[in-house]
Amino acid sequence: MSGKSLAGKKALVTGGARGIGAAIAQSLARAGASIMIADILDDAGKASAAAIAKEGVATGFVQLDVSDDAQWERAVAATVSTLGGYDILINNAGIEITSLVSEVRAEDARRMCDVNIVGTVLGMKHAFRVMRPGGAAGKGGAVVNIASVAATIAFPSIAVYSGTKSAVDRMTRVGAMEAGKLGYGVRVNCIYPGLIPTDMGLQLANDIVKVGLAPDVNAAVGSVVEQTPLGRLAEVSDIGDAAVFLCSNEARFITGIGLPVDGGMGM
């Protein structure tokens with residue numbers, strides 16, 4: 001792939017304030033795309049956008065609670081207005097609340113469903129409306145939804161999270177089918193990241209210890225590495241590079257897939 005495989009593209013990255021989202025945004029920017037960071041974290045989101053802007057990339061920040069339909073409409077309009085178009089959506093925003101099945105709280109389950117499932121489908125909804133012929137951008141595009149290796153394995157203590165990420169996989173495939181059949185010119189794929197030592201990943205390791213599934217954090221992390229054929233945790237750049245590929249012309253005939261970026265853990 002060329003170093004600027006996304007030159008001229010305009011991207012909206014949800015949950016782009018930190019972690020995987022910030023890394024994907026940086027990878028897209030290095031590949032030539034303009035970037036709109038969307039997040040509920042104002043200060044961190046603006047800092048993420050500012051870091052990208054220092055590299056001479058057109059960028060901006062918009063506040064977005066992905067579970068809110070009206071906020072999606074405003075965020076997409078801001079993307080088109082600020083960047084001059086809309087070609088790429090990275091549906092990354094998500095939350096994980098660890099719990100054994102016997103201890104799941106209904107309010108936690110509903111919150112994960114709101115962010116991880118409702119947020120993802122609303123992102124696709126507004127991307128399709130704006131990217132399809134006749135939309136405000138109208139040039140087609142690429143949607144990449146961030147699922148998880150948890151959608152492919154039975155990992156204890158994250159039953160609801162795993163269910164929401166399995167839903168992301170199914171919605172990706174239905175969205176790809178609809179976009180193709182209706183002539184939207186939008187490809188839709190998802191990525192299954194492995195465990196990454198971001199704030200969310202490290203919190204999961206600590207939570208696994210708290211619920212009695214590992215004696216300490218090192219053991220919790222070690223068990224994941226042991227299940228991973230490539231013998232390490234994922235890095236945020238691994239996910240960023242995969243997202244760039246799926247958004248690029250090199251992936252022009254790829255839609256409706258789930259790409260594992262998990263070192264083989266979910267095989």
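The second largest pocket is lined by 15 residues, and Lys-9, Gly-141, Ala-142, Arg-187 and Cys-247 lie nearest its centre. A pocket here is an open set of points on a 1 Å grid over the protein atoms alone, where a 1.4 Å probe fits, with protein on both sides within 12 Å along at least five of seven lines; lining residues have an atom within 4 Å of a point. This is a predicted model, in which local features need pLDDT of at least 70 and side-chain atom pairs count only at pLDDT 80 or more, while totals for chains, interfaces and linings use all residues. Residues are numbered from 1 along each chain as its sequence is written, and side-chain values use heavy atoms, with hydrogens and water left out.

The lining of the second largest pocket divides into four nonpolar, six polar and five charged residues. Ala, Val, Leu, Ile, Met, Phe, Trp, Tyr, Cys and Pro count as nonpolar, Asp, Glu, Lys and Arg as charged, and the others, Gly among them, as polar.

The largest pocket is lined by 41 residues, with Asn-92, Gly-94, Ile-95, Glu-96 and Met-200 nearest its centre. Its lining comprises 24 nonpolar, 10 polar and seven charged residues.

Trp-72 belongs to the largest nonpolar core, which has 33 residues; Trp-72, Leu-12, Tyr-86, Leu-89 and Val-186 touch the most other members. Such a core is a set of buried Ala, Val, Leu, Ile, Met, Phe, Trp, Tyr and Cys residues joined through side-chain atoms within 4.5 Å, buried meaning under 20% relative accessible area (1.4 Å probe, protein chains only). Apart from this core lies another, of 30 residues, including Ala-25 and Cys-247.

Key: Buried means under 20% relative accessible area, exposed over 50%, partly exposed in between (1.4 Å probe, protein chains only).
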